[in-house]
Amino acid sequence: MIVTALGVLVAGVMVYRASHPTDKPFSLSNSGQPIPAESERHQVVAVAEQFCLRMDSVDGSDVAGYKKRVSELLTTKQKAKFDSSFAEFEKLGVSKDLKGTGTILASGVADIDPDSATVLVAHDSTVKDTSGDTDRHYRWTVALRKVHGDWLVDDFTPVS
């Protein structure tokens, strides 16, 4: 009887563990410092890379769509900065033939804690329009904040 009860208990624990993964976003080290799970690191890198690709993918024939796609990844603070900068860009006039594409070369997490992260992203951009092609080589530090469970871009800075 005791063996049967013990067997049921062990089986119950195994079922519980299988249905409740232990890959928490952060666990604590022996010194109490947060240690990010690999999935959390992947998420911040994915958002930072996606942000850079969206910034590089300018489309003169769909300026409103470009602005919307970039804004989806921004915190409220960064949206205000982006809207202000973008308004200046629009005043210059955007050729409908303007097309940009980006390529991620490398990226990595520089710093991460439960609600903020910094990712370094190296990416190249090619912009084409009627005057020709322009190739650019960017290296950005992308600062992210966790807002309502989602990682969003809070700032970015060119680095050399």
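This is a predicted model: local features need pLDDT of at least 70, side-chain atom pairs count only at pLDDT 80 or more; totals for chains, interfaces and linings use all residues.
Which residues in α2 meet which residues in α3? Residues are numbered from 1 along each chain as its sequence is written, and side-chain values use heavy atoms, with hydrogens and water left out.

**View 1. The contact of α2 with α3.** F51, R54 and M55 in α2 meet Y66, R69 and V70 in α3, contact being heavy atoms within 4.5 Å. These residues divide into four nonpolar, no polar and two charged. The helix axes (lines fitted to C-alpha atoms over the stretch in contact, with angles from 0 to 180 degrees between N-to-C directions) come within 9 Å and cross at roughly 165°. Therefore α2 is roughly antiparallel to α3, the term for angles over 145 degrees.

**View 2. The largest nonpolar core.** This core has 26 residues, and V44, F51, V142 and L144 have the most contacts inside it. A nonpolar core is a set of buried Ala, Val, Leu, Ile, Met, Phe, Trp, Tyr and Cys residues joined through side-chain atoms within 4.5 Å; buried means under 20% relative accessible area, exposed over 50%, and partly exposed in between (1.4 Å probe, protein chains only). Helix α2 gives the most to this core, with seven residues.

**View 3. The surroundings of V159.** V159 lies in the segment after β6 and is partly exposed, with a relative accessible area of 39%. Leaving aside neighbours within four places in sequence, V159 is in contact with R139, W140 and T141.

Note on methods. Helices (H or I, at least four residues) and strands (E, at least two) are DSSP runs, numbered from the N terminus. Angles under 35 degrees count as roughly parallel, over 145 as roughly antiparallel, 65 to 115 as roughly perpendicular and the rest as oblique. Ala, Val, Leu, Ile, Met, Phe, Trp, Tyr, Cys and Pro count as nonpolar, Asp, Glu, Lys and Arg as charged, and the others, Gly among them, as polar.
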